[in-house]
Amino acid sequence: MRSVIKVKIYARRTKTQLFKQALGNSRFVWNKLLEKNKERYKKEKKFLFYPDMCKEITKMKEEYPFLKQSPSQTLQQIARKLDRSLKDGIKRKKGFPQFKKKSRYDSILIFPQGFKFEGRKLSLPKIGWVSIKDKITKKKEWERIKASAKQVWIKEEVDGFFAYIVYDREPEPKEKNGEAVGIDVGIKNTLTMSNGEVISLNTKRIMALVRKAEKLQSVIDRKRAINKKRGIKNSKRIEVLERRRDRILKKIQNIKVDFYYKVANHILNNHEYVVVEDLDLKGLKEAEKGSKVIRRKVNKYLQYISLSEFFRILEWKAELYGREIIRVNPKDTSKTCSNCGYVNHELKLSDRVFKCPVCGLKMDRDLNASINILKRGLERIALSSGHGEYMREMVLNREPIRRTLAL
Ligand SMILES: [Zn+2]
């Protein structure tokens, strides 16, 4: 299966200058090709696709000699990317893709061939040798990655230049144990599992960072407005502030991703089947009925915690380990009694405990939901008898076990 590993690049200034130039050229070529496409469409209602765009690039190299410094395959890859975006836009009636703005971080160099590895060094066409470092990968694994590398991507991020190595990874199937678990994703506790385990992300720390980033953003906006009045275009001060903001956003991203990988490993190590809700509409669905404040809170939460990212990681890891992820309908998972099936429509978002007026069940709201999710999953996979026993073990009035993963 396809996998990507990210490694940091250590290079002299002369080399990073070459990266910067090449990334700038990529952005330039993307914008030029997009502009040409828009003109062509206006005149003839036709698009320029990959072969035409490659011809355009050859012409552009004559007109703008600095493009010759770019490895030519990276420019062709831009044409390929734009070709895909255009076709996608046509298919989904989304219109043209966006122009690349001046931000240095949204450009990418793609090398489909011509790269070489030697020890912890990477060589790229027209760039030469640079050192790469990745603390996690063991030597043996690293040799395998190098041998099966398919592409190398270069990106600039707030904390330096990175190479993303796309390679073929051998699946690492785990032993099948027939265990199943349901997972509820909530606002208060990040994850509640049907076996009673609760795993939460340190949202306090994240929200503190979010507030910091938002404060910086408002300062940036104010300074921009003042500069606009005065007719000043570029400001060093704003650049510094933006850099600081980007570093904070990166920090948030790193905390999240790290947490998600750990949780995914933890869950998949012990369970063959993992049942989750089809998340797409869940947060919004719950927020609809809450007050305005709650809706804002939920939206903010979803924006920064981005659980869809967690599910992406979970699914990818499940494929690697030969585990199965089952998505079930999220309707009323919180409102249904996990013991007798009664649907309690009176339950509000603020009710932390689920109380069943029919059978008297009293249970933590999220735990109750996670058991319902597991049940729906078990119905779906129609698992054999062993799980019936497991379900009966779910005792009334059970309290969740709070557990925080060491991060
Ligand atoms: Zn009940």
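Hi everyone, let me start with a question: in which sense do strand 8 and strand 11 pair, and over how many bridges? They pair in the parallel sense, over three bridges. Pairing here needs at least two DSSP bridges between two strands.

Before I go on, a word on the source. This is a predicted model, where local features need pLDDT of at least 70, side-chain atom pairs count only at pLDDT 80 or more, and totals for chains, interfaces and linings use all residues. Residues are numbered from 1 along each chain as its sequence is written.

Now the overall picture. The protein has eleven helices and 15 strands; these are DSSP runs numbered from the N terminus, with helices being H or I of at least four residues and strands being E of at least two. Of its 407 residues, 27% count as buried. Buried means 20 or more other C-beta atoms within 10 Å of the residue's own, with C-beta atoms placed from the backbone.

Back to strand 8, residues 180-185. Six of its six residues are buried. Ala 180, Gly 182 and Asp 184 cover one side, and Val 181, Ile 183 and Val 185 the other. Towards strand 11 (residues 273-277), Val 181 has Val 274 as its bridge partner. Strand 8 also pairs with strand 9, residues 191-193, this time in the antiparallel sense over three bridges. There, Ile 183 stands opposite Met 193.

Next, helix 9. Which residues of helix 9 are buried? They are Leu 307, Phe 310, Phe 311, Leu 314, Lys 317 and Ala 318. These cover an arc of only 130° around the axis, so they sit on the same side of helix 9; the arc is taken from the directions from the helix axis to the C-beta atoms. As a reminder, an α-helix has 3.6 residues a turn, so residues three or four places apart point the same way. After helix 9 comes Gly 322, with a positive phi near 70°.

Last stop: helix 2 (residues 50-63) and helix 3 (residues 72-91) pack at about 145°, with axes 9 Å apart. Axes are lines fitted to C-alpha atoms over the stretch in contact, and angles run from 0 to 180 degrees between N-to-C directions. The contact involves residues including Met 53 and Ile 57 of helix 2, and Leu 75 and Ala 79 of helix 3, where contact means C-beta atoms, placed from the backbone, within 7 Å.

Definitions and conventions: A residue is buried if 20 or more other C-beta atoms lie within 10 Å of its own, exposed if 12 or fewer, and partly exposed in between; C-beta atoms are placed from the backbone. Two residues are in contact if their C-beta atoms, placed from the backbone, lie within 7 Å.
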